[in-house]
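Reader: Could you take me through one part of this model at close range? I would like a connected account of a single chain, with the cut-offs spelled out as you go.

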Amino acid sequence: MKDASPAKPYALHLGVIALLFALSFVLPDYHHGLLARIMVLAVFAMGYNMLFGYVGLLSLGHAMFFAAGLYGAGLAVIHLGWSVPTAFASGVVCGAVLSLVIGVLALRTSGVAFMIVTMMFAQVFYLVILYFASWTGGDQGMVVPQPARVLTFGATSLDLTNPIVRYMSALTLFSVVLLITLAVVRSRYGRVLVAIRENEERTKMLGYDTFSNKLAAVIMSGTICAASGAAYALLFGYVGSSFASVQYSILPLLWVLLGGGATTLGPLIGTLFMYYVVDITSGYTSAYLLIVGIALILLVLFFPKGILGTIRHRWLAWLP
Amino acid sequence: MMPLLTTKGLSRNFGGLRAVDNVDFALMPGEIRAVIGPNGAGKTTFVSLVSGRIQPSSGMVVFDGADITNLPAYARVRLGVAYTFQITSVFANLSVYDNVALPVQRTLTDGRSKGAVQAGVMAALERTGLADRTHMLAGQLSYGHQRLLEVAMGLALKPRLLILDEPTQGLADSEIDNFIELVREIAKSATVLLIEHNMPVVMQLADRITVFNAGRILAEGTPEQIRANTEVQDAYLGATHG
Ligand SMILES: Nc1ncnc2c1ncn2[C@@H]1O[C@H](COP(=O)(O)OP(=O)(O)O)[C@@H](O)[C@H]1O
Ligand SMILES: [Mg+2]
């Protein structure tokens, strides 16, 4: 944001991507699979962070964007027999269209009303999925059959159920979204988004149409979340209504709070951290959610800026 | 010559209170116009109607020959109407640089200026004497410097009309002298509408003065005419006469 040299942030982000790439060759199977899933969900968190972290709009309905991608891709494969790339595109387009509509309606409100309105829309979306159970599989969900999850380019084909292919696909999506996020937040547009978060009234009086800027941010955020959902359907082969439930609207908020809102790498760190805390504690006790809850409360009390936000505040002011 | 700004029958009610009452006002290009009047006279409400921050109950606002009454505030800014807040409202958590980069990049997008953001930012900061504080957070500046930053942001918008709402409030005397120079400098390229309580500042700067009282224009004229006006003295200057 400060027009500092771009070299350091880009080097850091490329380093993180390189590290994730290298981990693919050393991680044991279990962690390898888990990390692929975490990378896809970190994309969800990055999309959420775009709106919550940078624009300061707290949505409680982002599960609907993830689910739009999940079902947009999953239903296209299952019912229409579309190929993997077109199904992925279908999921992304569904998310873009939905976020445009939701943005236009929900941005008439702000603050608590915005939280409630987004939550209500997500609830409607969830009920619609249950209502059309004959197509969506209702609360049972649907499995995307293995033969449909193969990418073919002429003679070569890539099986997305193969762990390495899956990991590398997840990493590719993650990397693209991470670099897009970095470019956006360092751009002039990113500066306007932060200005809206800090003082919308003042931003208007500097000549900015804040409604349009917020709408663009909602669409960008919703589309990224849909890309995550579409990838989830195609890589992990399950399309289920639980992903549209309120729990999946709250999770990205927690991941972002944990990792650090308005930091580009915070969503990855938060998602990673939460997954491993759940993973480790559930090995010891069935009350693992209690431990997770306590961890979160401690975090919000003592590190309100999240892990990376605290690091940036104390030591590394140049972190984007 | 055509006025840069005119208002016709401009009014604004807050509940039963008529904060701005049927104001006809005209401002010539290149002028420095001071607006004075007791607290609660409706000065801030009046300029808020001009800048589009609030909507009028009735009447119209014409800028450079075009009716802008129904334009949203951001569109008026793009036409060249810049407003600096009475209550300092810089972006406290952003750097001084980013505060000024926002208006600079706006004028670049609108094609009202050319060049790099960096050059525009440094030009505005140099004019206001803040160039050595570029990377400080705006919230860490002294109050006087925050007022100057507010002016720098207004300047960076390349305004044709710059509205300053009590800019010297809370400034030290030494800062006020610099400020008078700055406004003279700004007035070479923009029309200035200055709400001001400090009478020496008004008398030094203003080409003409408009006096507000209870939402209406009580008097208007050159500084000498206003000084001699007994009605104004009763309402505002508080001087005993006769
Ligand atoms: N948003 C508002 N709501 C209700 N009353 C207001 C509002 N803004 C201003 N007023 C009232 O309008 C009158 C004029 O206020 P203002 O324009 O701020 O005066 P001035 O700037 O000349 O001191 C005052 O009586 C004030 O209390
Ligand atoms: Mg006032």
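Author: Happy to! Let us start with a definition: accessible areas come from the Shrake-Rupley method with a 1.4 Å probe, and for residues only the protein chains shown count as cover. On that basis, chain B exposes about 9,800 Å², and 51% of this area is supplied by carbon and sulfur atoms.

Before going further, a word on the source: this is a predicted model, in which local features need pLDDT of at least 70 and side-chain atom pairs count only at pLDDT 80 or more, while totals for chains, interfaces and linings use all residues. Residues are numbered from 1 along each chain as its sequence is written, chains are lettered from A and ligands numbered from 1 in the order in which they are written, and side-chain values use heavy atoms, with hydrogens and water left out.

Now to the overall form of chain B. Its C-alpha atoms fill a box of roughly 55 × 40 × 40 Å along the principal axes. The radius of gyration (taken over C-alpha atoms; the globule rule is 2.2 Å times the number of residues to the power 0.38) is 18 Å, which agrees with the value near 18 Å for a compact globule of 242 residues. Of these 242 residues, 55% are buried, where buried means under 20% relative accessible area, exposed over 50%, and partly exposed in between (1.4 Å probe, protein chains only).

Chain B has nine helices and 10 strands; these are DSSP runs numbered from the N terminus, with helices (H or I) of at least four residues and strands (E) of at least two. Among the contacts (heavy atoms within 4.5 Å) with a separation of 6 or more in chain B, 66% join residues 24 or more positions apart.

Most residues other than glycine have a negative phi. B:Asn22, although not a glycine, has a positive phi of about 55 degrees. This residue lies in strand β2, which covers residues 17-27 of chain B, and B:Asn22 is partly exposed, with a relative accessible area of 49%. B:Ala214 also has a positive phi, near 50 degrees. B:Ala214 sits in the loop between β9 (208-213) and β10 (216-221) of chain B, and counts as exposed because its relative accessibility is 55%.
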